[in-house]
Every structure is written in structure tokens, then in C-alpha cells.
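The sequence and the structure are shown first, and the description follows.

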Amino acid sequence: MKKAVLFLLVLVAIPLNGQLSVESDTIFIGEVMITGNRLTGHYSGSRSASIDSSVISEYNGNSLADLIGDNSSVHIKSYGPGNLASPSCRGTTAGHTGVAWNNINIESPMTGQSDLSIIPAGMADDINIFYGGNSMSISGGSAGGLINLETKPDWGEKGLLMLNPAAGCFGRKSLLVKARTGTADFQSVTKAFLFGAENDFPYLNSISGDAPVTEIRENNQVSQEGFIQELYYRKSHHELSARFWYQSAARKLPVPIIVPSLNPPETQNDMSFRSMLAYDYQLNKTSLNLTSAFISDRLDYKNEQASVDSRNSLKRIILKGTFNSMISNILNLRLAADNELALVETNNYDCRKSRNVLSFDAAADLNIMRWLSANLLLRETIQDDRFLAPDFSAGADIKPFGTKENFIKLNFAKNSRIATLNDLYWSPGGNPDLRNESGYIAEITLDLSTTVAGSVKIGTDLTFYHNRISDLIQWRPGEYSYWQADNVDDLVSKGMEANINIMFHGPSYNFKMMSGYTHIISGSNGKESTGSSGRRLQLIYVPADMFNTFIRAEWKKFYSTVRFNYTGKRFVDADNTIYLSPYTVTDLDAGIKLTLKKTLTDIRMGVENIFNIDYQNIAYYPMPRRNFTASVLFQIKK
Amino acid sequence: MQKSFTVFILALLITSCVKEVNPVIDGLDKSYLSGQGVFVINEGNFRAGNGSLSFFAYDSVKLYNNVFTEANRRPLGDIPYSMGFFGGKAYIVVNNSGKIEVANRNNMKSIATITGLDSPRYISFVSDSKAYVTSLFSDSLTIIDLSSNSISGYINIKKTSESILTLYSTAYVASWTEGNKIMVINTATDMVTDSIEVGYEPESMALDWNETLWVLCNGGWRREHFAELIGIDTRTNEIVKRLKFPSINDSPTCLQIDSEGRMLYFLLNGVRRMSINDESLPSQTLVPQLDHLFYKLGINPFNNEIFVTDAVDYVSKGKLIRYRNNGALISEYEAGIIPGTICFKEFTDSTSE
């Protein structure tokens with residue numbers, strides 16, 4: 001036990017090493033052993049990770065941004081609780097990190113991004129993150145990675161009702177309801193989510209006057225509603241599903257503390273309606289999936305002071321089909337087609353716009369030898385009537401130690417990203433002549449897992465990657481007095497990810513630790529993007545170092561969770577002369593689970609930012625100090 | 001076991017300490033502001049709070065950056081936009097922070113902060129006790145009481161406002177954004193007395209030796225109107241000269257005048273110069289833009305040197321470029337992000353120390 005504690009100390013001490021200097025070429029990660037969660041049905045050769053459902057349940061009252069930020073190597077750029085939070089994976093931009101729901105991309109083709117702060121974490125049953133080339137198994141364009149939210153039936157469960165109200169500081173209230181019922185062949189799943197917060201937290205203002213003062217954050221209210229209804233029917237080799245997801249959010253947008261509060265404040269209202277019909281057929285070595293989806297998104301932003309009243313309506317129709325056949329014990333073939341029609345009405349374009357993107361995939365998985373498997377994917381995309389240069393992904397899994405579940409994974413991929421509709425058509429500044437971005441991704445992963453002393457499971461992974469995104473689209477000053485979208489530069493990001501999972505249990509206790517460290521070097525490749533030291537300048541708001549640890553211990557009815565999140569130095573200017581200091585946020589939860597027959601009552605208290613630090617994720621957007629939450633989960637199963 | 005746990009908790013506490021919550025500037029140098037020189041207001045990016053103030057010192061022939069932050073250990077604000085000097089004080093108009101920082105012009109130590117302004121742009125000192133401040137969003141000018149450094153009133157001009165010039169007891173205010181008027185205000189009564197219709201989007205103004213007000217109308221970003229240079233006789237408020245730029249795409253900015261009040265300068269694909277007596281616009285540049293992105297222009301009123309700021313790419317550090325009056329390059333210096341308005345400072349004013 002003493003050794004285990006010392007081992008934890010080694011891990012936690014990592015961020016102590018000189019605040020993980022950006023200058024250093026060598027990163028000491030200690031003696032870590034690393035794990036990854038292997039997923040089936042996706043391309044080998046690159047890393048993927050799954051967020052455990054027990055972890056998701058701890059975020060029932062939180063957003064996907066909180067969950068992903070605390071439990072993965074995806075960096076979340078957050079403007080504060082309830083406000084815009086965009087993911088950045090492997091040093092790429094938010095536009096290179098996709099978000100999908102049951103394999104259907106839900107990020108906006110207008111912005112190419114998703115706001116994770118308005119997606120409730122508890123609505124998902126499983127969350128998988130596909131890094132690099134592996135993201136092509138869901139969709140194209142996500143060179144950094146892709147977050148896939150899965151909602152699915154549980155055929156082993158006849159019925160379930162769950163209520164999870166929670167409350168916390170700063171007027172924070174949430175309620176998640178889940179109901180599952182059905183028979184052996186039919187299942188209905190209903191989920192509802194309500195959330196509201198004043199977010200009127202105190203923060204230290206040391207910039208407005210000569211002496212620091214504590215102020216209260218203003219104009220930060222948020223309210224959200226979400227509802228999911230899913231129907232599943234299966235018979236023999238067939239399965240039909242219908243899913244509907246309504247979600248809305250109304251927010252006041254706070255300004256950075258360097259700007260006086262606006263009166264009236266800026267507001268943003270988001271509304272999404274997503275529906276999906278899917279048919280699955282599986283017989284022996286053949287499977288077929290047909291999915292159609294209709295997604296309607298609305299985003300209204302208002303800033304009366306600047307006379308901005310932006311109204312945006314987006315409708316998408318998506319048709320997707322996948323045919324999979326195991327030709328032999330060696331060869332598995334997969335053919336897929338994906339068509340997405342997007343229709344946009346907005347007062348920010350000159351007129352109504354539409355775009356159709358059709359893609360065809362042909363993929364082969366080869367189990368060449370017991371110790372070697374490989375795959376190849378070819379994708380051709382047709383944008384309206386234009387054939388684009390094909391994309392590909394090639395990977396291999398090598399099992400060097402015979403029967404042991406240890407792998408060396410190799411992947412090389414080309415993943416293009418089509419310009420967003422705003423990049424093309426925004427008035428003024430949209431540029432219809434933009435070229436698509438081309439991302440080349442190379443990575444190698446060492447994936448090891450072992451069981452020691454009977455019940456101690458240790459999994460580790462270590463990944464090195466190199467991304468190069470050519471023709472990066474950015475907005476820059478145009479010929480007149482407004483900015484214009486253009487293909488300006490190449491983005492190069494490279495780095496390493498190291499993860500370790502340790503689990504052990506005994507007759508009355510369980511212990512789980514998941515820990516990850518990420519080192520990222522990311523910057524433009526242009527000649528002007530090199531500092532006087534000759535070092536490539538780091539992309540703004542991309543931390544060179546991140547470290548997070550999740551530790552959960554259970555003893556009899558009691559449990560406790562501790563989360564540490566270290567975010568390294570982030571430059572806030574292109575010249576890398578202004579930076580935000582590193583910080584570590586520590587959260588602590590403790591609870592008791594009471595079971596009575598088929599009911600479960602889980603009472604939990606939480607302290608976020610237990611050491612009460614003042615910090616900023618984005619410059620001049622303060623984050624909350626120490627705050628408390630309480631939640632009660634009541635669940636009854638049939 | 002207990003010892004290990006204690007070390008563990010200590011490690012957490014140490015890593016949880018944040019040295020500085022707000023953005024930190026690497027390599028903040030001691031600044032020397034007492035001599036003659038040129039202030040450059042670096043606007044920074046919208047809502048990024050990375051605007052700053054630079055000072056080019058003739059003594060050391062060096063550009064000192066972040067001089068306000070260095071003097072006061074706090075950032076200047078969001079989008080510092082313009083600056084004026086009065087009574088040994090510098091008044092720095094910080095647009096998106098809605099404030100004016102009043103500082104000693106010789107050391108930049110803060111004296112007062114005037115808050116509560118609505119998107120302020122320029123300041124003009126209309127008397128010993130009063131200044132007017134224009135606004136990008138508000139239909140009113142704000143009146144500042146210079147003795148108490150506070151807002152003392154408003155003048156509703158029913159239009160947003162940009163550049164402002166005061167001659168004797170008359171202030172001329174340009175309504176820039178989608179406007180085409182110069183509002184005339186009696187500074188004794190704070191009343192609008194007249195308005196002069198000019199070209200579309202009057203962006204900048206200059207006053208010549210003959211008290212002719214020159215107005216550069218940009219034409220607007222939609223390029224639906226031709227840009228114009230207009231001369232107004234301030235005695236009659238009548239337009240006496242009207243020169244139209246030849247191409248609808250011509251988008252001139254930043255009208256300036258030399259120390260004698262006889263030569264006009266502005267930016268259009270470089271620095272252009274013309275006499276106030278010319279009957280046509282200059283077809284050639286005095287200083288070609290080349291691979292720079294010229295953003296603002298200033299003519300030193302003491303020696304007619306030409307100073308131009310280069311915004312580079314609007315996100316990286318910009319440049320201050322210094323030319324002789326004949327357009328020959330003297331030197332260039334690294335400034336802050338989006339270096340904008342240039343303000344010339346005379347010799348040390350010892351009374352204000």
C-alpha cells in the first residue's frame with residue numbers, strides 16, 4: 001500500500017517539475033505505465049479512449065465540457081461556467097475536433113465547431129474519443145480527434161427510473177431524469193435534463209484599479225433544457241431505432257473583466273432538434289447499417305450596444321449507409337456512403353446558402369498474422385459537384401508479445417476539412433474561393449495492459465503524433481477595413497500522450513485511478529511564425545503541458561473521488577510574449593450509496609476547486625473559486 | 001504512510017498556487033518617458049485586453065513597449081484608441097473598456113480613471129476645464145470636467161461620432177459610421193449650432209494654416225460610395241474644395257497635416273502627400289506600402305518626420321516605422337499588437353512631475 005501511495009506521488013509530482021517548462025525538449029513523465037481502452041469496430045493503428053459510464057454518472061449535472069476537460073487529453077477552452085467551451089485536441093483548433101452523436105456529426109457546418117458547454121454530459125450513455133486518424137471512422141475533417149456520444153438500449157435491463165436532482169453554489173440547479181422500459185424486443189428510453197445557474201461567483205479583480213478588489217461576476221446566467229426520446233425494436237437479425245433529441249439554452253454572455261458589463265447584456269439562445277432513424281441488420285459475417293438524420297439548429301445572438309442581432313438557422317439532412325462483410329478469416333471489407341445536405345438561413349450571409357457533401361468509403365481490415373493486423377481506408381468526397389482529392393487512413397496493430405494484450409499501433413492518414421459555411425459566405429469577409437484544409441497525421445502508440453497480483457489491472461498507453469494541416473483557414477485583414485477568410489498557413493502540431501489506468505478491488509473495496517499527461521507543440525509553419533530564439537511559436541491557448549488524474553475509492557457503501565487537473569502555461573498572443581500562468585484545480589466528491597431491494601439512493605457532496613485558487617482559462621474570464629454541490633440520485637430497477 | 005500522505009497534500013497545495021491570475025508579460029522593461037518622443041497606442045485585439053502603450057524616445061532612439069503596464073502594474077485596458085495631452089497630463093481613451101486613463105505624461109503614473117463612457121474614441125480639450133469625448137455607439141458626446149476628472153454632461157448630436165477638432169470656441173465632430181455629416185458645436189454653450197453634409201463616412205480631419213477644415217471621407221467598407229477629400233471654410237462652414245478619389249475601391253484613411261499646415265498626408269496603399277492648394281489628388285505614393293500593412297499615420301509637428309504603424313497581421317506585434325520627410329526610411333521598431341494612433345510629446349514638462 002505504501003508503494004502505491006508513493007507511486008501516486010510520482011504521478012502528482014509531474015506538474016511540479018518546474019511547472020513543466022515549455023523550453024525543455026525533454027519531458028520527464030516518471031515511471032508510468034499507461035492504458036487505453038480499446039474499442040472495437042474502429043480503425044486500428046491509432047488511439048481511442050472511452051469514458052467510463054461510472055465517470056459519466058458523476059457529471060449528470062454538468063456539461064460535456066466539464067466531463068471531457070477533466071477526463072481526457074482534450075483541452076477545453078472555456079469562457080467560464082455556462083459559457084462557450086470549445087474542444088482542442090492535440091494542439092489543433094476547435095474546428096479540427098469533431099463531435100458526433102451515434103456516429104452522426106453534430107457540429108455546426110456554419111462554424112465547424114461545437115459548444116460543449118450546452119451539451120449535458122448525463123444525456124450520453126457512452127463517450128468515446130477517437131484521436132487523429134481514428135476519427136475518420138466516424139467522419140472526415142477532424143484531424144485532431146472526434147468525440148462520439150452514444151445513446152443506446154440496455155437489452156439486459158427490463159426497466160429503470162432514475163432521478164438525479166442537484167444543487168450548488170451560485171444558484172446552480174440541475175435535474176436529470178432517465179426512464180427505460182420495454183420488453184425483450186422493444187425498449188423505450190426517455191431522458192430529460194433541466195439546468196439553471198446564476199453563476200454570480202466572486203472573483204479577484206486586480207486590473208481595474210491600483211488595489212485588487214473582490215467583485216461578483218455579472219450577466220452570467222444560463223438556463224438549459226434537454227429531452228431525448230429513443231425507441232428500439234429488434235427482431236431476429238434486425239434492429240430498428242428512432243431517436244429524438246431536443247435541446248435549448250438561453251444565456252447571458254459575460255464580458256471579460258477588462259471590459260465594463262454591458263447593459264443590456266449580450267445574449268445567446270441556442271436550440272437544436274435532432275432526429276435519427278436507424279436500421280441495423282446482422283447475419284453471420286455480414287452487417288448493414290442505414291441511418292437517416294434530420295438536424296435543425298438555431299442560434300440567435302444579440303448585442304444591443306453594438307447593434308448586432310444575428311439570427312442563424314441551419315437544417316441538415318444526413319443519409320448514411322454502411323455495409324460490412326467478413327470475406328474470410330483474414331479479410332474484412334467495409335463500404336460506406338454518407339450524404340449531408342446543409343441549408344442555412346442567416347442575416348449574416350447575402351442570401352440563403354446550401355451545400356451537399358457526399359462521401360464514399362472503402363475499407364479493408366486484414367488480420368495478416370496472429371501478431372499483425374492492418375487496415376486501409378480510402379475516402380472520396382464530392383462537395384456539391386466538385387470531386388475532392390481523396391483521403392486515406394492506413395494503420396497497423398502489432399502484437400509483439402504473443403498472447404498478451406500489448407500492442408504497437410501505427411497510423412498514417414490524410415484527413416481533409418471542408419471550409420465552414422461562415423468561412424465561405426459570411427458577409428463581409430467570406431471567401432468562396434477557399435481551398436479545403438488537408439491534414440496529414442502520423443502516430444505511433446504503445447498500448448500495454450496487464451494484471452498483477454490477481455486483481456490489480458494496469459493499463460497504459462504512450463502515443464507520439466505529428467500532424468500537419470496545410471492551407472489552414474484563418475481570418476485576416478483584407479483589402480478593405482474588414483477581415484477576410486483565407487488559406488494562410490500550415491499548422492504543425494506534435495506531441496505525446498501518456499495514460500495510465502489502475503484498478504483493483506477486494507471484498508469490500510474498489511479502487512480506480514486514471515491519469516493522463518499530454519505534451520503539445522503546436523504552431524504555424526510560416527516563416528514569420530518563428531520567434532527570435534528560432535523556436536516555433538506555440539498556438540495561442542494551447543497549453544504545452546496538461547495533466548489530469550481521477551482517483552476513485554469505494555469502501556462498502558461509501559465512496560470518494562478526487563480529480564486533479566493541471567493546465568500548463570498558455571500563451572495568449574501570437575508572439576508568445578504574454579501568457580497565462582499554469583494552474584491546478586482539485587475537486588473532491590464523497591458520497592454514500594444505499595440500496596434497498598431494487599432501489600438505489602446515492603447521496604453525494606462535492607467541493608470544486610478545493611484549494612480556492614483564482615485562475616483564468618481564457619484571459620480576463622475568471623473561473624469560480626471553491627464551491628460546493630450536493631446531489632441525490634434515486635434509481636429504481638425492475 | 002502518514003508521512004507520504006502529508007507530502008502528497010503538500011504537493012497538491014504547491015501545484016495549486018497560481019503565481020499571477022491575469023496575463024503576464026514576458027520581459028517588461030523599465031521605460032524612460034521624460035524626454036521628447038512619440039507615443040504609440042497599440043489597440044490590441046477586441047476583448048483580449050492586450051492593448052498597450054509604447055513610447056519612442058528620441059534620446060535613446062528606442063521604442064519602449066508596455067509603458068503604462070510597467071508604470072502601474074496593471075493592463076491599460078481593452079482597445080486603447082487615442083490620446084490627448086493637457087496640462088502635463090495624458091488622457092488615454094480606452095475604447096472597449098469605456099474609460100479614460102489620466103496619467104502623468106512624463107512617467108505614465110496613473111492619476112485618475114474616468115469610467116462610464118460608452119465606446120469612447122477621441123478626446124478634444126475645448127477649454128481649460130472641459131473636454132469632449134466622441135463615441136462609436138452613443139448618439140451623444142460626453143463632456144468631461146477636467147478638474148474633477150469626471151463626466152459632467154452630454155451633448156446629444158443624434159449621431160455616433162469619431163474624430164473631433166476644436167478651433168476657438170467651435171468643435172467639429174465627424175459622424176463616421178454610416179454617416180455623412182460634420183456636426184458643429186458651440187463649446188461655450190455645448191449646443192449643436194450647425195451641420196455640414198460631406199461625403200460618406202468622414203473618417204479623419206485636419207486643420208490647415210488658413211483654418212480650412214479638411215475632411216477625409218472613406219466611402220464605407222461596402223465600397224458603394226467614392227471616397228472624397230473635402231475642404232471646409234470654418235468661417236462660413238461652406239465646402240470650398242471637393243476632390244473625389246478615382247476608384248470606388250480607393251479606401252483612404254488617416255488624414256494628417258504637417259507642422260506648417262500646408263501639406264496634407266493620408267494612407268492609401270502607402271503614404272500620400274499633397275499640398276492644400278493642389279487641385280487633384282496625388283496619384284503616386286510618397287512611401288509605398290510594399291509588404292507592410294500601414295494602419296495609422298502621424299507627422300511629427302516639430303520636425304515633420306513621418307511615422308507610420310504597420311499592423312502586420314493584426315495578431316502579431318506590429319511595427320512603428322520612421323521616415324524622413326522625403327519618404328526615406330530611417331528605422332523601424334517592434335511595437336505592440338495593432339499599433340494605432342500616434343501622439344507626439346514635446347520636451348519634459350517639469351511642472352507636471
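## Overall form of chain A

Along the principal axes, the C-alpha atoms of chain A fill a box of roughly 65 × 60 × 50 Å. This is a predicted model, in which local features need pLDDT of at least 70 and side-chain atom pairs count only at pLDDT 80 or more, while totals for chains, interfaces and linings use all residues. Residues are numbered from 1 along each chain as its sequence is written, and chains are lettered from A and ligands numbered from 1 in the order in which they are written.

Chain A contains four helices and 36 strands; helices (H or I, at least four residues) and strands (E, at least two) are DSSP runs, numbered from the N terminus. Buried residues account for 47% of the 638 residues in chain A. A residue is buried if 20 or more other C-beta atoms lie within 10 Å of its own, exposed if 12 or fewer, and partly exposed in between, with C-beta atoms placed from the backbone. Among the contacts in chain A between residues at least 6 apart in sequence, 61% join residues at least 24 apart; two residues are in contact if their C-beta atoms, placed from the backbone, lie within 7 Å.

In chain A, five strands form an open sheet in the order β1-β6-β7-β4-β5, with mixed pairing. Its edge strands are β1 (48–51) and β5 (104–105) of chain A, each of which pairs on one side only. Two strands pair if DSSP finds at least two bridges between them. Within chain A, strands β4 (residues 97–101) and β7 (residues 145–150) run parallel and are joined by five bridges. A:Ala100 stands opposite A:Asn148 of β7(A).

How many residues of helix α3 of chain A are buried? Eight of the eight residues of this helix (residues 64–71) are buried, so helix α3 of chain A is largely enclosed by the rest of the structure. Among them are A:Leu64, A:Leu67 and A:Ile68, together with A:Asp66 and A:Asp70.

## An antiparallel sheet in chain B

Chain B has an open sheet of four strands in the order β5-β6-β7-β8, with antiparallel pairing. The edge strands β5 (80–86) and β8 (110–114) of chain B each pair on one side only. On average, neighbouring strands of this sheet are turned by 20 degrees against each other, direction ignored; the axes are lines fitted to C-alpha atoms, for helices over the stretch in contact, and angles run from 0 to 180 degrees between N-to-C directions. Four bridges join β7 (residues 99–104) of chain B to β8(B), and B:Val102 has B:Ala112 as its bridge partner in β8(B).

B:Lys109 is found in the loop between β7 and β8 of chain B. With 13 C-beta neighbours inside 10 Å, B:Lys109 counts as partly exposed. Leaving aside residues up to four places away in sequence, B:Lys109 touches B:Ala71, B:Asn72, B:Ala103 and B:Asn104. B:Lys109 and B:Arg73 are 36 residues apart in sequence, and their C-alpha atoms are 9.9 Å apart.

## Nonpolar cores

The largest nonpolar core has 162 residues, of which B:Ile92, B:Val93, B:Val173, B:Ile182 and B:Val215 touch the most other members. Apart from it lies another core, of 16 residues, including A:Leu377, A:Ile441, A:Ala485 and A:Leu491. A nonpolar core is a set of buried Ala, Val, Leu, Ile, Met, Phe, Trp, Tyr and Cys residues joined through C-beta atoms within 7 Å. Not counting residues up to four places away in sequence, B:Ile92 touches residues including B:Leu53, B:Leu76, B:Met83 and B:Ile100.

## Backbone features in loops

Cis peptide bonds join A:Asn263 to A:Pro264, with omega about 0 degrees, and A:Ser427 to A:Pro428, with omega about 5 degrees. A:Pro264 is found in the loop between β14 (238–253) and β15 (266–283) of chain A, and A:Pro428 in the loop between α4 (421–425) and β24 (437–452) of chain A.

A:Ser307, which is not a glycine, has a positive phi near 55 degrees. A:Ser307 lies in the loop between β16 (286–303) and β17 (308–326) of chain A and is exposed, with 10 other C-beta atoms within 10 Å. B:Asn269 also has a positive phi, of about 55 degrees, although it is not a glycine. B:Asn269 is found in the loop between β22 (263–267) and β23 (270–275) of chain B and is partly exposed, with 14 other C-beta atoms within 10 Å.
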